Amino acid sequence: MRMTGGGIARRALGLGTAGLLAAPRLAAAQAPRVLKVIPRGDLPVLDPLWTTAYQTRDHAYLVFDTLFGLDAAFRPQPQMLASATTEEEGRLWTLRLRPGLRFHDNEPVLARDCVASIRRWAARDAFGQTLMAATEELSAPDDATIGFRLRQPFPMLPYALGKASPNICVIMPERLARTDPFTRVNEMVGSGPFRFLASEQVPGAFIAYSRFEGYVPREGGTPEWTSGPKRVEIDRLEMHVIPDSGTAAAALQSGEVDWWAWPEADLLPVLRRARGIELREADPMGLIGTLRLNHLAPPFDKPAIRRAVLGAVSQADFMAAVAGTDRAYWRDGVGFFAPASPLASTAGMDAMTGDIEAGRRALREAGYAGEPVVLLGSSNIAILKAVSDVAADLFRRLGLNVDYQVMDWGTVVQRRVRKEPPGQGGWSAFGTFWSGLDHLDPAVHAFLRGNGAQAAPGWPDSSRIEALRTEWLATADPAAQARMGEAIQRQAFEDVPYIPLGQQRSITAYRRNVSGILDGVPVYWNVRRI
(Lines give C-alpha, C1' and ligand atoms only; values in the text may rest on other atoms or scores of the structure.)
Protein backbone atom coordinates (compact mmCIF):
# COMPACT_ATOMS: atom_id res chain seq x y z
CA MET A 1 0.00 0.00 0.00
CA ARG A 2 1.36 3.42 -0.93
CA MET A 3 2.28 5.63 2.02
CA THR A 4 2.54 9.38 1.57
CA GLY A 5 4.43 12.05 3.49
CA GLY A 6 2.61 13.90 6.23
CA GLY A 7 3.11 13.01 9.87
CA ILE A 8 4.69 9.59 9.24
CA ALA A 9 7.61 10.97 7.28
CA ARG A 10 7.94 14.00 9.54
CA ARG A 11 8.20 11.81 12.62
CA ALA A 12 10.77 9.59 10.90
CA LEU A 13 12.87 12.59 9.93
CA GLY A 14 12.68 13.90 13.46
CA LEU A 15 10.50 16.95 13.01
CA GLY A 16 9.56 17.92 16.50
CA THR A 17 12.31 15.73 17.96
CA ALA A 18 14.84 17.71 19.93
CA GLY A 19 18.24 17.99 18.30
CA LEU A 20 17.42 16.19 15.07
CA LEU A 21 16.14 18.80 12.64
CA ALA A 22 16.47 22.19 14.27
CA ALA A 23 15.09 25.27 12.53
CA PRO A 24 18.37 26.37 10.87
CA ARG A 25 18.74 22.94 9.28
CA LEU A 26 15.17 23.06 7.98
CA ALA A 27 15.93 26.37 6.35
CA ALA A 28 19.13 25.00 4.84
CA ALA A 29 17.29 21.96 3.55
CA GLN A 30 15.43 24.20 1.09
CA ALA A 31 18.71 25.10 -0.63
CA PRO A 32 19.45 23.20 -3.83
CA ARG A 33 22.97 22.33 -2.65
CA VAL A 34 21.81 20.25 0.34
CA LEU A 35 21.40 16.54 -0.34
CA LYS A 36 19.27 14.45 2.07
CA VAL A 37 19.85 10.71 2.02
CA ILE A 38 18.52 7.64 3.82
CA PRO A 39 21.69 5.54 4.26
CA ARG A 40 21.95 1.78 4.65
CA GLY A 41 21.98 2.16 8.43
CA ASP A 42 23.27 4.07 11.43
CA LEU A 43 26.94 4.90 11.97
CA PRO A 44 27.87 3.50 15.41
CA VAL A 45 31.59 3.20 14.56
CA LEU A 46 33.59 5.97 12.88
CA ASP A 47 37.00 4.30 12.58
CA PRO A 48 37.10 2.42 9.23
CA LEU A 49 39.76 0.02 10.51
CA TRP A 50 37.83 -1.02 13.61
CA THR A 51 34.92 -2.64 11.79
CA THR A 52 34.02 -4.10 8.39
CA ALA A 53 30.51 -2.57 8.55
CA TYR A 54 29.58 -1.14 5.18
CA GLN A 55 28.11 2.06 6.63
CA THR A 56 31.50 2.80 8.22
CA ARG A 57 33.27 2.12 4.90
CA ASP A 58 30.83 4.48 3.13
CA HIS A 59 31.50 7.15 5.78
CA ALA A 60 35.25 6.66 5.32
CA TYR A 61 35.08 7.47 1.62
CA LEU A 62 33.58 10.85 2.45
CA VAL A 63 36.03 11.90 5.16
CA PHE A 64 39.25 10.27 3.99
CA ASP A 65 41.06 9.78 0.73
CA THR A 66 42.98 6.74 -0.54
CA LEU A 67 46.22 6.35 -2.46
CA PHE A 68 44.49 4.38 -5.21
CA GLY A 69 40.85 4.03 -6.29
CA LEU A 70 39.05 1.40 -8.34
CA ASP A 71 37.64 2.14 -11.78
CA ALA A 72 34.62 0.46 -13.39
CA ALA A 73 36.78 -2.46 -14.53
CA PHE A 74 38.01 -2.99 -10.93
CA ARG A 75 41.49 -1.78 -11.87
CA PRO A 76 43.41 0.33 -9.34
CA GLN A 77 44.09 3.90 -10.47
CA PRO A 78 46.21 6.56 -8.70
CA GLN A 79 44.02 8.73 -6.50
CA MET A 80 46.11 10.73 -4.02
CA LEU A 81 49.13 9.87 -6.13
CA ALA A 82 50.74 11.69 -9.04
CA SER A 83 52.58 8.53 -10.05
CA ALA A 84 53.37 4.96 -9.04
CA THR A 85 56.44 3.31 -10.55
CA THR A 86 58.32 0.04 -10.09
CA GLU A 87 61.95 -0.93 -10.46
CA GLU A 88 64.18 -3.91 -9.78
CA GLU A 89 61.76 -6.36 -11.40
CA GLY A 90 58.87 -5.26 -9.22
CA ARG A 91 60.73 -5.31 -5.89
CA LEU A 92 60.87 -1.53 -5.50
CA TRP A 93 57.76 0.66 -5.66
CA THR A 94 57.92 4.47 -5.58
CA LEU A 95 54.65 6.32 -4.94
CA ARG A 96 54.60 10.11 -5.40
CA LEU A 97 51.87 12.22 -3.80
CA ARG A 98 49.92 14.82 -5.78
CA PRO A 99 50.67 18.43 -4.82
CA GLY A 100 48.12 20.43 -2.85
CA LEU A 101 46.74 17.63 -0.65
CA ARG A 102 45.62 18.91 2.75
CA PHE A 103 43.94 17.50 5.83
CA HIS A 104 40.81 19.04 7.29
CA ASP A 105 42.93 20.78 9.96
CA ASN A 106 44.73 22.56 7.07
CA GLU A 107 47.96 20.60 7.56
CA PRO A 108 49.60 19.24 4.39
CA VAL A 109 49.41 15.50 3.64
CA LEU A 110 52.96 14.14 3.90
CA ALA A 111 54.45 10.79 3.02
CA ARG A 112 55.03 9.98 6.70
CA ASP A 113 51.26 10.34 7.29
CA CYS A 114 50.73 7.77 4.55
CA VAL A 115 53.33 5.36 5.90
CA ALA A 116 51.79 5.45 9.39
CA SER A 117 48.31 5.00 7.90
CA ILE A 118 49.40 2.01 5.80
CA ARG A 119 50.99 0.34 8.82
CA ARG A 120 47.86 0.79 10.95
CA TRP A 121 45.61 -0.51 8.17
CA ALA A 122 47.82 -3.52 7.49
CA ALA A 123 47.65 -4.59 11.13
CA ARG A 124 43.88 -5.14 10.78
CA ASP A 125 43.28 -6.10 7.14
CA ALA A 126 44.03 -9.58 5.75
CA PHE A 127 45.15 -8.23 2.37
CA GLY A 128 47.28 -5.64 4.15
CA GLN A 129 48.91 -8.37 6.22
CA THR A 130 49.76 -10.24 3.02
CA LEU A 131 51.30 -7.09 1.55
CA MET A 132 53.38 -6.38 4.64
CA ALA A 133 54.60 -9.99 4.77
CA ALA A 134 56.10 -9.34 1.32
CA THR A 135 57.54 -5.96 2.39
CA GLU A 136 61.12 -5.61 3.59
CA GLU A 137 60.99 -1.86 4.13
CA LEU A 138 58.26 0.80 4.02
CA SER A 139 59.65 4.33 4.16
CA ALA A 140 59.08 8.03 3.48
CA PRO A 141 62.38 9.24 1.98
CA ASP A 142 60.91 12.74 1.54
CA ASP A 143 57.62 14.54 2.16
CA ALA A 144 56.11 13.50 -1.18
CA THR A 145 57.53 9.99 -1.62
CA ILE A 146 56.41 6.62 -0.24
CA GLY A 147 58.77 3.73 -0.83
CA PHE A 148 58.12 -0.02 -0.69
CA ARG A 149 61.11 -2.36 -0.87
CA LEU A 150 59.75 -5.88 -1.26
CA ARG A 151 61.21 -9.30 -0.49
CA GLN A 152 59.62 -10.60 -3.67
CA PRO A 153 57.47 -9.00 -6.38
CA PHE A 154 53.92 -8.21 -5.29
CA PRO A 155 52.01 -6.97 -8.37
CA MET A 156 48.82 -6.61 -6.30
CA LEU A 157 50.26 -3.69 -4.27
CA PRO A 158 48.12 -0.98 -5.94
CA TYR A 159 45.02 -3.15 -5.57
CA ALA A 160 45.71 -3.77 -1.89
CA LEU A 161 46.02 -0.03 -1.21
CA GLY A 162 42.97 0.82 -3.34
CA LYS A 163 40.49 -2.00 -2.74
CA ALA A 164 36.94 -0.87 -2.01
CA SER A 165 35.97 -3.70 0.32
CA PRO A 166 36.39 -3.19 4.07
CA ASN A 167 38.81 -2.44 5.50
CA ILE A 168 39.93 0.27 3.07
CA CYS A 169 43.37 1.86 3.44
CA VAL A 170 42.46 5.43 4.42
CA ILE A 171 45.07 8.13 4.90
CA MET A 172 44.89 10.05 8.17
CA PRO A 173 47.37 12.36 9.96
CA GLU A 174 50.36 10.57 11.46
CA ARG A 175 49.32 11.58 14.99
CA LEU A 176 46.03 9.66 14.54
CA ALA A 177 47.49 6.83 12.48
CA ARG A 178 49.87 6.01 15.34
CA THR A 179 46.85 5.01 17.44
CA ASP A 180 46.90 1.32 18.34
CA PRO A 181 45.08 -0.49 15.50
CA PHE A 182 42.84 -2.17 18.07
CA THR A 183 41.82 1.16 19.64
CA ARG A 184 39.19 3.26 17.91
CA VAL A 185 40.04 6.60 16.35
CA ASN A 186 37.10 8.93 16.92
CA GLU A 187 38.63 12.21 15.75
CA MET A 188 37.70 12.39 12.08
CA VAL A 189 40.46 14.44 10.45
CA GLY A 190 40.92 13.26 6.90
CA SER A 191 41.83 14.71 3.52
CA GLY A 192 38.66 13.57 1.76
CA PRO A 193 36.09 15.72 -0.04
CA PHE A 194 33.74 16.05 2.99
CA ARG A 195 34.14 17.07 6.63
CA PHE A 196 32.31 15.05 9.28
CA LEU A 197 30.16 17.32 11.49
CA ALA A 198 30.57 15.49 14.78
CA SER A 199 28.60 18.05 16.80
CA GLU A 200 25.47 17.37 14.73
CA GLN A 201 25.44 13.58 14.96
CA VAL A 202 22.41 12.10 16.70
CA PRO A 203 23.05 8.38 17.25
CA GLY A 204 20.48 6.25 15.50
CA ALA A 205 18.93 9.23 13.71
CA PHE A 206 21.12 11.82 12.00
CA ILE A 207 24.60 12.28 10.49
CA ALA A 208 25.86 15.36 8.63
CA TYR A 209 28.82 16.36 6.46
CA SER A 210 29.92 19.56 4.74
CA ARG A 211 32.02 20.07 1.63
CA PHE A 212 35.74 20.44 2.38
CA GLU A 213 36.74 23.65 0.63
CA GLY A 214 40.41 22.69 0.69
CA TYR A 215 39.98 19.45 -1.23
CA VAL A 216 41.83 19.34 -4.56
CA PRO A 217 40.32 16.80 -7.01
CA ARG A 218 42.46 14.97 -9.52
CA GLU A 219 42.84 16.76 -12.81
CA GLY A 220 41.40 15.00 -15.86
CA GLY A 221 39.86 11.60 -16.09
CA THR A 222 36.33 10.38 -15.50
CA PRO A 223 34.74 9.68 -12.09
CA GLU A 224 34.19 5.90 -11.85
CA TRP A 225 33.49 3.94 -8.70
CA THR A 226 36.14 5.23 -6.27
CA SER A 227 38.56 6.59 -8.88
CA GLY A 228 38.85 9.77 -10.91
CA PRO A 229 38.20 13.39 -9.92
CA LYS A 230 36.06 13.71 -6.77
CA ARG A 231 34.23 16.95 -7.54
CA VAL A 232 31.71 17.87 -4.86
CA GLU A 233 28.60 19.59 -6.24
CA ILE A 234 26.76 20.05 -2.91
CA ASP A 235 27.54 22.11 0.16
CA ARG A 236 25.99 19.84 2.74
CA LEU A 237 25.10 16.14 3.00
CA GLU A 238 22.52 14.96 5.52
CA MET A 239 21.98 11.31 6.42
CA HIS A 240 18.55 10.57 7.91
CA VAL A 241 18.46 7.12 9.49
CA ILE A 242 14.92 5.72 9.13
CA PRO A 243 14.72 2.08 10.23
CA ASP A 244 11.09 1.57 9.18
CA SER A 245 11.02 0.90 5.44
CA GLY A 246 7.43 2.09 4.93
CA THR A 247 8.26 5.40 6.56
CA ALA A 248 11.40 5.71 4.46
CA ALA A 249 9.39 5.13 1.28
CA ALA A 250 6.90 7.79 2.34
CA ALA A 251 9.68 10.30 2.96
CA LEU A 252 11.15 9.71 -0.49
CA GLN A 253 7.76 9.95 -2.21
CA SER A 254 6.92 13.21 -0.46
CA GLY A 255 10.28 14.77 -1.32
CA GLU A 256 11.40 15.10 2.30
CA VAL A 257 14.52 13.15 1.33
CA ASP A 258 16.28 13.02 -2.04
CA TRP A 259 17.78 9.54 -2.13
CA TRP A 260 17.16 6.18 -0.45
CA ALA A 261 20.39 4.24 -0.88
CA TRP A 262 19.07 0.71 -0.18
CA PRO A 263 15.27 0.39 -0.39
CA GLU A 264 13.65 -2.85 0.75
CA ALA A 265 12.81 -5.24 -2.10
CA ASP A 266 9.11 -5.46 -1.26
CA LEU A 267 8.73 -1.68 -1.69
CA LEU A 268 10.41 -1.47 -5.09
CA PRO A 269 7.15 -1.96 -7.05
CA VAL A 270 5.56 0.89 -5.09
CA LEU A 271 8.52 3.19 -5.70
CA ARG A 272 8.68 2.23 -9.37
CA ARG A 273 5.09 3.45 -9.83
CA ALA A 274 5.61 6.65 -7.83
CA ARG A 275 5.85 9.95 -9.65
CA GLY A 276 9.15 11.79 -9.51
CA ILE A 277 11.26 8.76 -8.46
CA GLU A 278 13.92 6.87 -10.41
CA LEU A 279 15.09 3.33 -9.65
CA ARG A 280 18.24 1.78 -11.05
CA GLU A 281 20.87 -0.83 -10.29
CA ALA A 282 23.68 1.36 -9.00
CA ASP A 283 25.94 -1.45 -7.80
CA PRO A 284 26.20 -4.26 -10.37
CA MET A 285 28.04 -6.37 -7.80
CA GLY A 286 24.89 -6.64 -5.67
CA LEU A 287 24.63 -8.53 -2.39
CA ILE A 288 25.66 -12.18 -2.21
CA GLY A 289 23.78 -14.52 0.11
CA THR A 290 25.88 -17.07 1.98
CA LEU A 291 25.21 -19.99 4.32
CA ARG A 292 28.28 -20.38 6.52
CA LEU A 293 28.99 -23.84 7.96
CA ASN A 294 31.03 -24.64 11.07
CA HIS A 295 33.90 -26.91 10.03
CA LEU A 296 35.01 -27.62 13.60
CA ALA A 297 31.95 -29.48 14.92
CA PRO A 298 29.80 -32.40 13.73
CA PRO A 299 28.04 -32.81 11.41
CA PHE A 300 29.61 -30.20 9.12
CA ASP A 301 33.16 -31.19 10.03
CA LYS A 302 32.72 -33.90 7.36
CA PRO A 303 33.24 -32.65 3.78
CA ALA A 304 30.82 -35.26 2.39
CA ILE A 305 28.02 -33.96 4.63
CA ARG A 306 28.73 -30.38 3.59
CA ARG A 307 28.62 -31.44 -0.07
CA ALA A 308 25.33 -33.27 0.47
CA VAL A 309 23.68 -30.10 1.77
CA LEU A 310 25.29 -27.97 -0.96
CA GLY A 311 23.90 -30.23 -3.67
CA ALA A 312 20.34 -29.90 -2.37
CA VAL A 313 20.34 -26.08 -2.34
CA SER A 314 18.08 -24.21 -4.74
CA GLN A 315 19.39 -20.65 -4.92
CA ALA A 316 16.09 -19.57 -6.47
CA ASP A 317 14.24 -20.60 -3.29
CA PHE A 318 16.52 -18.45 -1.16
CA MET A 319 16.43 -15.42 -3.45
CA ALA A 320 12.65 -15.51 -3.90
CA ALA A 321 12.29 -15.43 -0.11
CA VAL A 322 14.60 -12.41 0.05
CA ALA A 323 13.48 -10.35 -2.94
CA GLY A 324 10.22 -11.82 -4.26
CA THR A 325 9.43 -13.80 -7.37
CA ASP A 326 10.44 -11.11 -9.87
CA ARG A 327 13.80 -12.26 -11.25
CA ALA A 328 14.62 -8.68 -12.18
CA TYR A 329 15.69 -8.25 -8.56
CA TRP A 330 17.93 -11.30 -8.10
CA ARG A 331 20.13 -13.90 -9.77
CA ASP A 332 20.73 -17.57 -9.13
CA GLY A 333 23.51 -19.64 -10.69
CA VAL A 334 26.02 -17.78 -8.50
CA GLY A 335 29.33 -19.42 -7.65
CA PHE A 336 32.09 -18.38 -5.27
CA PHE A 337 32.86 -15.13 -7.12
CA ALA A 338 30.29 -12.40 -7.69
CA PRO A 339 28.51 -12.17 -11.05
CA ALA A 340 30.03 -9.42 -13.23
CA SER A 341 33.41 -9.87 -11.55
CA PRO A 342 36.42 -10.91 -13.67
CA LEU A 343 36.60 -14.32 -11.95
CA ALA A 344 32.91 -15.25 -12.18
CA SER A 345 32.52 -18.62 -13.90
CA THR A 346 30.37 -21.73 -14.10
CA ALA A 347 33.22 -24.02 -13.02
CA GLY A 348 31.86 -26.76 -10.75
CA MET A 349 28.35 -25.30 -10.65
CA ASP A 350 26.82 -28.67 -11.55
CA ALA A 351 27.40 -29.64 -7.91
CA MET A 352 24.28 -27.62 -6.99
CA THR A 353 21.29 -29.57 -8.31
CA GLY A 354 18.56 -28.60 -5.83
CA ASP A 355 17.63 -32.30 -5.58
CA ILE A 356 16.34 -32.98 -2.06
CA GLU A 357 16.08 -36.76 -2.47
CA ALA A 358 19.62 -36.96 -3.78
CA GLY A 359 20.70 -34.88 -0.80
CA ARG A 360 18.99 -37.22 1.65
CA ARG A 361 20.76 -40.21 0.06
CA ALA A 362 24.09 -38.41 0.11
CA LEU A 363 23.67 -37.61 3.81
CA ARG A 364 23.02 -41.25 4.63
CA GLU A 365 26.02 -42.34 2.58
CA ALA A 366 28.18 -39.71 4.31
CA GLY A 367 27.31 -41.21 7.70
CA TYR A 368 25.06 -38.52 9.16
CA ALA A 369 24.00 -39.92 12.55
CA GLY A 370 21.40 -37.43 13.73
CA GLU A 371 23.79 -34.92 15.31
CA PRO A 372 22.05 -31.65 16.24
CA VAL A 373 22.39 -28.80 13.75
CA VAL A 374 22.17 -25.42 15.51
CA LEU A 375 21.12 -22.86 12.90
CA LEU A 376 21.37 -19.21 13.96
CA GLY A 377 18.82 -16.79 12.48
CA SER A 378 18.57 -13.00 12.71
CA SER A 379 15.29 -11.52 13.90
CA ASN A 380 15.94 -7.85 13.10
CA ILE A 381 17.34 -7.87 9.55
CA ALA A 382 14.73 -8.99 7.04
CA ILE A 383 16.99 -10.50 4.38
CA LEU A 384 18.97 -12.46 6.97
CA LYS A 385 15.77 -13.80 8.55
CA ALA A 386 14.54 -14.82 5.08
CA VAL A 387 17.61 -16.88 4.15
CA SER A 388 17.69 -18.46 7.63
CA ASP A 389 14.03 -19.49 7.38
CA VAL A 390 14.65 -21.16 4.03
CA ALA A 391 17.78 -22.87 5.38
CA ALA A 392 15.81 -24.24 8.35
CA ASP A 393 13.18 -25.66 6.01
CA LEU A 394 15.86 -27.17 3.75
CA PHE A 395 17.63 -28.81 6.69
CA ARG A 396 14.37 -30.34 7.93
CA ARG A 397 13.50 -31.67 4.45
CA LEU A 398 16.93 -33.26 4.27
CA GLY A 399 16.35 -35.01 7.58
CA LEU A 400 18.82 -33.03 9.65
CA ASN A 401 18.13 -32.67 13.37
CA VAL A 402 17.58 -28.90 13.32
CA ASP A 403 17.66 -26.58 16.32
CA TYR A 404 16.70 -23.22 14.77
CA GLN A 405 17.56 -20.37 17.16
CA VAL A 406 16.46 -16.86 16.19
CA MET A 407 18.04 -13.82 17.84
CA ASP A 408 19.04 -10.27 16.93
CA TRP A 409 21.97 -9.92 14.55
CA GLY A 410 24.25 -8.46 17.22
CA THR A 411 23.82 -11.63 19.26
CA VAL A 412 24.52 -13.77 16.18
CA VAL A 413 27.78 -11.86 15.66
CA GLN A 414 28.81 -12.58 19.24
CA ARG A 415 27.67 -16.19 19.13
CA ARG A 416 29.38 -17.11 15.86
CA VAL A 417 32.89 -16.61 17.29
CA ARG A 418 32.32 -19.39 19.84
CA LYS A 419 34.07 -22.68 19.10
CA GLU A 420 32.19 -24.82 21.64
CA PRO A 421 30.11 -27.74 20.29
CA PRO A 422 26.65 -26.76 19.00
CA GLY A 423 24.95 -28.27 22.03
CA GLN A 424 27.16 -26.30 24.42
CA GLY A 425 26.61 -22.76 23.22
CA GLY A 426 28.23 -23.13 19.82
CA TRP A 427 26.60 -23.26 16.39
CA SER A 428 26.47 -25.19 13.13
CA ALA A 429 25.36 -22.69 10.47
CA PHE A 430 24.19 -19.12 9.92
CA GLY A 431 23.10 -17.06 6.92
CA THR A 432 24.42 -13.66 5.96
CA PHE A 433 25.01 -11.34 2.99
CA TRP A 434 28.18 -9.78 1.62
CA SER A 435 28.66 -7.01 -0.89
CA GLY A 436 29.65 -8.48 -4.23
CA LEU A 437 32.83 -6.42 -3.97
CA ASP A 438 33.83 -8.64 -1.07
CA HIS A 439 33.47 -11.68 -3.36
CA LEU A 440 35.42 -10.05 -6.18
CA ASP A 441 38.57 -12.20 -5.96
CA PRO A 442 40.70 -14.30 -3.57
CA ALA A 443 42.47 -11.23 -2.18
CA VAL A 444 39.36 -9.78 -0.51
CA HIS A 445 37.08 -12.83 -0.14
CA ALA A 446 37.14 -13.57 3.61
CA PHE A 447 34.73 -16.53 3.45
CA LEU A 448 36.92 -18.20 0.81
CA ARG A 449 39.97 -18.40 3.03
CA GLY A 450 41.01 -21.90 4.08
CA ASN A 451 43.49 -21.00 6.81
CA GLY A 452 41.83 -22.88 9.65
CA ALA A 453 41.98 -21.19 13.04
CA GLN A 454 42.92 -17.86 11.42
CA ALA A 455 39.91 -17.94 9.07
CA ALA A 456 36.61 -16.17 9.68
CA PRO A 457 34.10 -17.97 11.97
CA GLY A 458 33.42 -21.33 10.40
CA TRP A 459 37.19 -21.93 10.34
CA PRO A 460 37.56 -23.95 7.11
CA ASP A 461 40.96 -25.58 6.61
CA SER A 462 41.94 -26.09 2.97
CA SER A 463 45.63 -26.11 2.08
CA ARG A 464 44.69 -26.36 -1.61
CA ILE A 465 42.55 -23.20 -1.57
CA GLU A 466 45.31 -21.34 0.30
CA ALA A 467 47.98 -22.50 -2.16
CA LEU A 468 45.87 -21.38 -5.12
CA ARG A 469 45.21 -18.03 -3.42
CA THR A 470 48.95 -17.48 -2.92
CA GLU A 471 49.55 -18.34 -6.58
CA TRP A 472 46.79 -15.96 -7.66
CA LEU A 473 48.28 -13.08 -5.64
CA ALA A 474 51.67 -13.59 -7.26
CA THR A 475 50.50 -12.96 -10.82
CA ALA A 476 49.08 -9.93 -12.59
CA ASP A 477 48.19 -11.77 -15.81
CA PRO A 478 44.37 -11.70 -16.18
CA ALA A 479 44.22 -14.94 -18.16
CA ALA A 480 46.27 -16.79 -15.55
CA GLN A 481 44.17 -15.29 -12.77
CA ALA A 482 40.98 -16.46 -14.50
CA ARG A 483 42.31 -20.03 -14.73
CA MET A 484 43.28 -19.96 -11.05
CA GLY A 485 39.86 -18.55 -10.17
CA GLU A 486 38.19 -21.53 -11.84
CA ALA A 487 40.50 -23.90 -9.95
CA ILE A 488 39.68 -22.18 -6.66
CA GLN A 489 35.95 -22.42 -7.35
CA ARG A 490 36.16 -26.14 -8.19
CA GLN A 491 38.09 -26.74 -4.99
CA ALA A 492 35.55 -24.71 -3.01
CA PHE A 493 32.77 -26.97 -4.31
CA GLU A 494 34.78 -29.87 -2.87
CA ASP A 495 35.66 -28.29 0.48
CA VAL A 496 32.47 -26.16 0.87
CA PRO A 497 33.75 -23.30 3.06
CA TYR A 498 30.22 -21.91 2.71
CA ILE A 499 27.22 -22.36 0.41
CA PRO A 500 26.51 -19.54 -2.09
CA LEU A 501 22.80 -18.67 -2.07
CA GLY A 502 22.51 -16.24 -5.00
CA GLN A 503 22.73 -12.52 -5.63
CA GLN A 504 20.23 -9.83 -4.70
CA ARG A 505 20.51 -6.91 -7.09
CA SER A 506 21.34 -3.59 -5.45
CA ILE A 507 18.59 -1.19 -6.51
CA THR A 508 18.77 2.42 -5.41
CA ALA A 509 15.93 4.98 -5.47
CA TYR A 510 16.18 8.75 -5.79
CA ARG A 511 14.19 11.82 -6.80
CA ARG A 512 14.41 12.82 -10.45
CA ASN A 513 16.01 16.13 -9.51
CA VAL A 514 19.14 14.24 -8.43
CA SER A 515 21.80 13.41 -11.03
CA GLY A 516 25.40 12.19 -11.18
CA ILE A 517 25.07 9.13 -8.93
CA LEU A 518 28.03 6.87 -9.67
CA ASP A 519 27.93 3.10 -9.94
CA GLY A 520 29.47 1.06 -7.14
CA VAL A 521 29.59 1.81 -3.44
CA PRO A 522 27.50 4.85 -2.44
CA VAL A 523 29.68 7.95 -2.73
CA TYR A 524 28.42 11.52 -2.83
CA TRP A 525 30.90 13.38 -5.00
CA ASN A 526 29.74 14.04 -8.58
CA VAL A 527 26.12 14.13 -7.28
CA ARG A 528 24.06 17.24 -7.85
CA ARG A 529 20.49 18.43 -7.44
CA ILE A 530 18.95 19.96 -10.56
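Q: How many cavities of 30 Å³ or more does the structure hold?
A: There are four cavities of 30 Å³ or more in the structure. A cavity is a set of points, on a 1 Å grid over the protein atoms alone, where a 1.4 Å probe fits but cannot get out; a pocket is an open set with protein on both sides within 12 Å along at least five of seven lines; lining residues have an atom within 4 Å of a point. Grid points are joined across faces, edges and corners, and a volume is the space filled by probe spheres set on the points. This is a predicted model, in which local features need pLDDT of at least 70 and side-chain atom pairs count only at pLDDT 80 or more, while totals for chains, interfaces and linings use all residues. Residues are numbered from 1 along each chain as its sequence is written, and side-chain values use heavy atoms, with hydrogens and water left out.

Q: What lines the largest cavity?
A: The largest cavity has a volume of about 120 Å³. Its lining consists of 14 residues, with Pro 39, Gln 55, Asp 58, His 59 and Met 239 nearest the centre. Helix H3 (54-63) and strand S11 (206-211) each supply at least two lining residues, helices being DSSP runs of H or I with at least four residues and strands runs of E with at least two, numbered from the N terminus. H3 provides the largest share, three residues.

Q: What classes of residue make up the lining of the largest cavity?
A: The lining of the largest cavity has nine nonpolar, three polar and two charged residues. Ala, Val, Leu, Ile, Met, Phe, Trp, Tyr, Cys and Pro count as nonpolar, Asp, Glu, Lys and Arg as charged, and the others, Gly among them, as polar.

Q: Which residues line the second largest cavity?
A: Trp 259, Ala 261, Trp 262, Ala 282, Asp 283, Ser 506, Ile 507, Thr 508, Gly 520 and Pro 522 line this cavity. Strand S14 (277-293) and strand S19 (498-511) are the elements that give two or more residues to the lining of the second largest cavity, and S19 gives the most, three. The volume of the second largest cavity is about 80 Å³.

Q: What makes Arg 57 and Asp 58 a salt bridge?
A: A salt bridge needs a side-chain nitrogen of Lys or Arg within 4 Å of a carboxyl oxygen of Asp or Glu. For Arg 57 and Asp 58 the N to O distance is 2.8 Å, so the pair meets the cut-off. Both Arg 57 and Asp 58 are buried, a term for under 20% relative accessible area, with exposed for over 50% and partly exposed in between (1.4 Å probe, protein chains only).

Q: What does the salt bridge between Asp 105 and Arg 175 tie together?
A: Asp 105 and Arg 175 meet at 3.9 Å, N to O. Asp 105 lies in the loop between strand S6 (92-97) and helix H4 (111-124) and Arg 175 in helix H7 (residues 174-177), so the bridge ties together parts that are 70 residues apart in sequence.

Q: Why is Asp 105 called partly exposed?
A: The relative accessibility of Asp 105 is 33%, so Asp 105 falls in the partly exposed class. Arg 175, with a relative accessible area of 48%, is partly exposed as well.

Q: How many salt bridges does a search of the whole structure find?
A: The search finds 31 salt bridges. One of them joins Arg 418 and Glu 420, whose closest N and O atoms are 3.3 Å apart. Arg 418 counts as partly exposed at 35% relative accessibility, and Glu 420 counts as partly exposed at 33%.

Q: How do you know that the end-to-end distance of helix H16 agrees with its length?
A: The expected span of a helix is 1.5 Å times one less than its number of residues. H16 (residues 478-495) has 18 residues and should therefore span 26 Å; its end C-alpha atoms are 25 Å apart, which agrees. After H16 comes Val 496, whose phi is positive, near 50 degrees.

Q: What covers the buried residues of H16?
A: The cover includes helix H10 (303-312) and helix H15 (463-473). Among the buried residues of H16 are Met 484, Ile 488 and Phe 493.

Q: Which element gives the most to the lining of the second largest pocket?
A: H16 does, with three residues. The second largest pocket has a volume of about 450 Å³. It is lined by 18 residues, of which Phe 74, Arg 75, Met 156, Ala 476 and Gln 481 are the closest to its centre. The lining divides into 14 nonpolar, two polar and two charged residues.

Q: Why is Pro 460 called buried?
A: Pro 460 has 3% relative accessibility, so Pro 460 counts as buried. Pro 460 lies in the loop between strand S18 (429-435) and H15. Leaving out residues up to four places away in sequence, Pro 460 touches Arg 292, His 295, Arg 449, Gly 450, Asn 451, Gly 452, Ala 455 and Pro 497, contact meaning heavy atoms within 4.5 Å.
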